Amino acid sequence: MAQDIQFAWSLYHGYENYKDKHLSNRRFKYSNILPLIHHLKNKNIFTVKKAGESAEGRDIYLISIGNGDKKIFCWSQMHGDEPTATAALFDIFNFFLTENHFTDFKHFLFDNTTINFMPMVNPDGAELFQRRNIFEIDLNRDATQNQSPEAKILYSAFNEIKPDFGFNLHDQDRAYSAGLSGKSAAISFLAPPFDYAKTLSESRTNSMKLISEQYNLLSDFIPGHITKYQDDYEPRAFGDNFTKSGSSIVLIESGGWRDDREKEFLRKINFISLLTSFKSIAEESYLTEKIETYQSLPNNEKLMMDFIIRHITVRKFQTKYIVDIGINYEEVNINKNYSFYYKAKIEDIGDLSVYSGYKELDATGLTLIIGKTYETEFNSVNEIKSVDPSSLLQKGITNLKLSNVDIENNYSPVLFNIILNNIERKEELKEEAVPNFILCDGRKFKYAIINGFLIKANTMGRKEGNALIFK
Ligand SMILES: [Zn+2]
């Protein structure tokens, strides 16, 4: 074990040498990975073959390395908006290609295993950065019907490989927490069941043992952030069906990590997790692990929010009361889905003590004032930019009116929300509403919350997020 932890740490420290810099934006597309796959074709350690075509005609590839008896199969991004592991697979290819001090390990690995990869099973979904394929089918509910070409391709690759171990690679909701711990579920594992009774077969037990070992290894890097994914049997899902056919399947879900919206750190953890798993399968070191370690992992709970403001004083109907406000940010696709803007909503109001925020603000002693719309209309964005924002915020303004201007985007180029076409708009403090309000200390402006993002009195800047355009 000590040796395995050392190996994991050496991967951790060497990672920047292997990280594929072509995949820096999480919304990378098929066209971004295609040249990387073609590059592998020219390297004799890899076998690259076309496994089939997506509904929109994108070639899906199967990439193999090694000559060993133990068969491993990793597939990623069957949900188009879950790219973290796909990027990690290309980092792993670079690791295999690069001359480094892991030569002995690689020889041992390739002598004992054959590792097969199918990155981006759902390229059409990835193009739109959406979960489902172009037929609006969730591929992970198409494992028995195989109505989508992508599910067919995955199924026939699996049947051809007949893997001893399969890794089903996904991203999960950032809202998941590690039980009641207040920590995000950064990585969740599952040894999928193959029946409603959740029977323990030998192959499923081996998945659990491998996960137990992973828990011990990864706890060095993400302590308290590792969970067990919901283990209800899903007869339409791939992991469950592949387990039924006798393979040891491991589901890996990358969740949320503080200050890492792009999930670059969790991509690195995927890199470490997969390479240490391959080593374990080659050495059969997982066999000495206990399934109880897996079974006692905290479950996924949904107790994380993007931003929680605690203990705010609100006045309504001459009454004063104190609440917490929980805010989540939805990502809305723009720029042909390469980029996004944020649309925030109030997730909950009241006692949110059971929840944790990726960001939190203690607003004890501060009073909430609902955001107002400035009466004077502006004629251009430049005119808005010439006004001192602090003077507007002091007045409780979160929204500005802009006339005779058409803006195509739905996100504002300035600190404030912009109202076009003189539409009526009244901010409210209620569930699902866009959080637009001011926090005051007595009568003194302290913070503005515009589209859910915090603007401080002293900085007046916005490091992240955006205001909205209402039209
Ligand atoms: Zn998924």
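The model is predicted. The chain has 471 residues, of which 58% count as buried, and a zinc ion is coordinated by side chains of His79, Glu82 and His170. The salt bridges number 32.

**Overall fold**

- The secondary structure of the chain consists of 12 helices and 22 strands.
- The radius of gyration is 25 Å, close to the 23 Å that the globule rule gives for 471 residues, so the chain is as compact as a globular protein of that length.
- Along the principal axes, the C-alpha atoms fill a box of roughly 75 × 45 × 45 Å.

**Zinc site**

- The donors to the zinc ion are ND1 of His79, two OE entries of Glu82, and ND1 of His170, at 2.0 to 2.6 Å.
- Along the chain, these donors follow the spacing H-x2-E-x87-H.
- The arrangement of the 4 donor atoms is irregular because the angles they subtend run from 54 to 152°, whereas a tetrahedral site would need all angles between 85 and 135 degrees.
- Histidine 79 counts as buried because its relative accessibility is 2%, under the 20% cut-off.
- Glutamate 82 also falls in the buried class, with a relative accessibility of 7%.

**Salt bridges**

- Lysine 279 and glutamate 283 form a salt bridge in which the closest N and O atoms are 3.4 Å apart.
- Both residues lie in helix H9 (residues 264-283), and because they are 4 residues apart there, about one helical turn separates lysine 279 from glutamate 283.
- Glutamate 53 pairs with lysine 50 through a salt bridge of 2.8 Å, N to O.
- Glutamate 53 is partly exposed, at 40% relative accessible area, and lysine 50 is partly exposed, at 43%.
- A salt bridge of 3.5 Å, N to O, joins the side chains of lysine 430 and glutamate 428.
- Lysine 430 is partly exposed at 43% relative accessibility, and glutamate 428 is partly exposed with a relative accessible area of 40%.
- A network of salt bridges links Arg26, Arg27, Arg174, Arg261, Asp306 and Glu331.

**Nonpolar surface patch**

- Leu128, Ile134 and Phe135 make a nonpolar surface patch of about 240 Å².
- Leucine 128 is located in helix H5, which covers residues 123-128.
- The relative accessible area of leucine 128 is 33%, so this residue is partly exposed; patch residues need over 30%.

- Tyrosine 342 belongs to strand E13, residues 339-350.
- With 12% relative accessibility, tyrosine 342 counts as buried.
- Tyrosine 342 and alanine 467 are 125 residues apart along the chain, and their C-alpha atoms are separated by 8.1 Å.

Definitions and conventions: Residues numbered from 1 in each chain as written. Predicted model: local features only at pLDDT ≥ 70, side-chain atom pairs only at ≥ 80, totals over all residues. Heavy atoms only, no water. Patch = residues over 30% accessible without salt bridge, like charges linked within 9 Å, V, L, I, M, F, W, Y side chains within 5 Å. Areas by Shrake-Rupley, 256 points an atom, 1.4 Å probe, with all protein chains shown as cover. Salt bridge = Lys/Arg side-chain N within 4 Å of Asp/Glu carboxyl O. Helix = DSSP H or I, 4+ residues; strand = E, 2+ residues; numbered from the N terminus. Buried < 20%, exposed > 50% of the residue type's maximum accessible area, 1.4 Å probe, protein only. Donors = N, O, S within 2.8 Å, 3.2 Å for Na, K, Ca; no water. Tetrahedral: all angles 85-135°; square planar, octahedral: opposite > 155°, others 65-115°. Rg over C-alpha atoms; globule rule 2.2 N^0.38 Å.
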